[in-house]
Amino acid sequence: MIELIVKTIKKISTIVSFLVSVSVLCACTNFAHADKQNVSFSYKVLDQHKGESLDKVLKSSDLTNIQQRLVADMPASKSARTDRKIYMLFENSYLRAIRVVRGESTAEYALVKYHGQWTWVDEKGQIRSSGGFFARYPLRFLRVSSRFNPRRRHPVSGRVRPHTGMDLKARYGTPIYAPSGGVVKFSGRQRGYGITLEIDHKNGYVTKYAHLSRIIKGATKGRYVKRGQLIAKVGSSGVATGPHLHYEVIVNGVKRNPATVRLPGPPKGAASTKEAQEAADHYLPILRKLSQS
Ligand SMILES: [Zn+2]
């Protein structure tokens, strides 16, 4: 098996020496003997059972936070309708490609840096990141405590008091990440909302974050924040019964349901770049071989 892997790798790369270590089912990989000139490929497998959420699987894996976020951003669905296996290729300790196998169907993606962000591309080099350029939620793990509801009635007065965002339950201090790049529009206090942040994403989209415990230094008014950048932490400032994030997505001035609002795709010209094609051609065959062996 190892011979086969080495042969494959040699065929598709010009780097002279390789160390190939294979780890199965999240066994720890050891890169201690890989020096700078050596490129070591390894893979890990995650088993996702029918009905199980990807978040749950990731949480119980040994992947780093960054790796978990990258995997969560893959273009395949987050919940498994049937059991599936997620194979991940690592070049030294860096995640490079992913292969999702469910029965007879397989989906494969490689990671490339595009506009400064790690982005998934398919075997043709086409950009496929799911949340991609605009992640659905700014938290790593989701527990919705109150949905968007324009007709919600106040529990005491019975009057219609619309809930114009989504409440995401999270522990005090949970990191909040910018779902897309943008300029900080507001950073400070807003009455019942407490410590509040607003980001203008430039394409008519504004996101709002309320009841924060604090805003990160790099996210003051006028500053540009990148997609995936840590911007604030969950809290219970303002009028809040407990720590949670009140999250709003405002499109051309209208508050939309964050769970269902159409999110903007990648900027124009994002289709197949040479680099993306090269990454797909390079990494996907290696992962294919490793995961089939
Ligand atoms: Zn709310």
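**View 1. The loop holding Lys202, between strands S11 and S12 of a predicted model.** Most residues other than glycine have a negative phi. Lys202 is not a glycine, yet its phi is positive, about 80°. Lys202 counts as exposed because it has 12 C-beta neighbours inside 10 Å, and the cut-off for exposed is 12 or fewer.

**View 2. The loop holding Asn252, between strands S15 and S16.** Asn252 lies between strand S15 (244-251) and strand S16 (254-256). Its phi is also positive, near 45°, in a residue other than glycine. With 9 other C-beta atoms within 10 Å, Asn252 is exposed.

**View 3. The largest nonpolar core.** This core has 35 residues, and Leu89 and Ala110 touch the most other members. At least two residues each come from strands S2 (39-48), S3 (84-91), S4 (94-102), S5 (105-114) and S6 (117-121), and from helices H2 (54-59), H3 (65-72) and H4 (274-292). Helix H4 gives the most, eight residues. In soluble globular proteins, nonpolar side chains tend to be buried together.

**View 4. The surroundings of Ala110.** Neighbours within four places in sequence are left aside here. Ala110 is then in contact with Arg96, Ala97 and Val121, as well as with Ala279, Ala280, Tyr283 and Leu284.

**View 5. A second, separate core.** This core consists of 22 residues. Among them are Ala170, Ile176, Ala178 and Val184.

Methods
Residues numbered from 1 in each chain as written. Predicted model: local features only at pLDDT ≥ 70, side-chain atom pairs only at ≥ 80, totals over all residues. Core = buried A, V, L, I, M, F, W, Y, C linked by C-beta atoms within 7 Å. Buried ≥ 20, exposed ≤ 12 C-beta atoms within 10 Å, placed from the backbone. Helix = DSSP H or I, 4+ residues; strand = E, 2+ residues; numbered from the N terminus. Contact = placed C-beta atoms within 7 Å.
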